[in-house]
Amino acid sequence: MSSSTGIYTARQFNLSSLNGISDETLEMHFKLYEGYVKETNNLTTRINEFIADGKVDQEELPAYSELTRRLGFEYNGMVLHEYYFDNLKSGGGSGDPAQSTEFVKSAESAFGSYDIWKADFVGIGKMRGVGWAICYQNPSNGRLSNHWITLHETGNVAGFTPILVMDVWEHAYLLDYKPAERPKYIEAFFSNINWDTVEGRLGKTSGVKSARA
Ligand SMILES: [Fe+2]
């Protein structure tokens with residue numbers, strides 16, 4: 001069911017029966033995602049109203065500024081959840097990717113080995129705070145790098161392509177694990193990754209260069 005008739009429509013995800021992440025968690029998470037879509041639409045509409053007369057008046061600036069800042073939060077919250085749900089596999093995945101995949105070759109190229117890439121990604125996922133662990137690809141040279149994103153909008157690298165996106169907000173696992181059990185959730189996340197989706201996100205330049213700069 002679409003949550004809005006606005007510019008953006010909430011997507012439906014055919015996702016259930018994951019390993020260690022309950023359907024109840026997923027249902028709650030889909031609802032949260034729909035909230036981000038709804039707010040992105042609301043903010044976009046309200047900002048459009050401000051600029052409809054072709055200018056932002058001085059007295060409008062505080063409200064306009066706040067709405068615009070909030071748009072960064074809601075917009076990234078919407079988009080990152082779509083990446084997240086898309087890189088999970090209904091029924092559960094098969095664990096780590098096959099050695100022959102372009103992703104493993106790219107991880108080896110940038111990190112020396114898949115295991116070191118994974119240690120970095122998991123380490124970022126365990127960072128204290130509210131946010132995301134994301135593996136990005138630099139489209140200019142194909143290099144992978146892992147990043148911590150605070151909330152939804154702080155730390156995303158401009159122009160880089162999200163390849164693997166992991167939500168580590170507590171709402172992603174609180175029905176299944178205690179707050180301090182985030183490592184167990186991360187383990188469950190890895191057992192549900194849809195590596196075909198991940199592979200499909202890699203660009204043609206993947207693995208071509210091994211620059212560590
Ligand atoms: Fe989330």
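The model is predicted, so local features need pLDDT of at least 70 and side-chain atom pairs count only at pLDDT 80 or more, while totals for chains, interfaces and linings use all residues. Residues are numbered from 1 along each chain as its sequence is written, and side-chain values use heavy atoms, with hydrogens and water left out.

Helix α2 is a handy place to start. Helices (H or I, at least four residues) and strands (E, at least two) are DSSP runs, numbered from the N terminus. E74 sits in α2, which covers residues 61–86. With a relative accessibility of 10%, E74 is buried; that word means under 20% relative accessible area, with exposed meaning over 50% and partly exposed in between (1.4 Å probe, protein chains only). Setting aside neighbours within four places in sequence, E74 touches Y36, E39, T40 and L43, where contact means heavy atoms within 4.5 Å.

E39 turns up again in a salt bridge, its side chain meeting that of R70 at 3.7 Å, N to O. The term stands for a side-chain nitrogen of Lys or Arg within 4 Å of a carboxyl oxygen of Asp or Glu. This pair links distant parts of the chain, with R70 in helix α2 and E39 in helix α1, 31 residues apart. Both ends are partly exposed, R70 at 31% and E39 at 24%.

The whole structure has six salt bridges. Another of them joins R11 and D86 at 2.8 Å, N to O. R11 lies in the segment before α1 (23–51) and D86 in helix α2, so this pair ties together parts that are 75 residues apart in sequence. K55 also pairs with D53, their closest N and O atoms being 3.4 Å apart. Through shared partners, salt bridges join D53, K55 and D57 into one network.

L61, also in helix α2, is partly exposed at 34%. Together with I51 and V56, L61 makes a nonpolar surface patch with about 200 Å² of accessible area.

Over in the strands, β3 (residues 161–167) is mostly covered, six of its seven residues being buried. Strand β1 (residues 131–137) runs antiparallel to β3, and six bridges join the two; strands pair if DSSP finds at least two bridges between them.

Notes
Patch = residues over 30% accessible without salt bridge, like charges linked within 9 Å, V, L, I, M, F, W, Y side chains within 5 Å. Areas by Shrake-Rupley, 256 points an atom, 1.4 Å probe, with all protein chains shown as cover.
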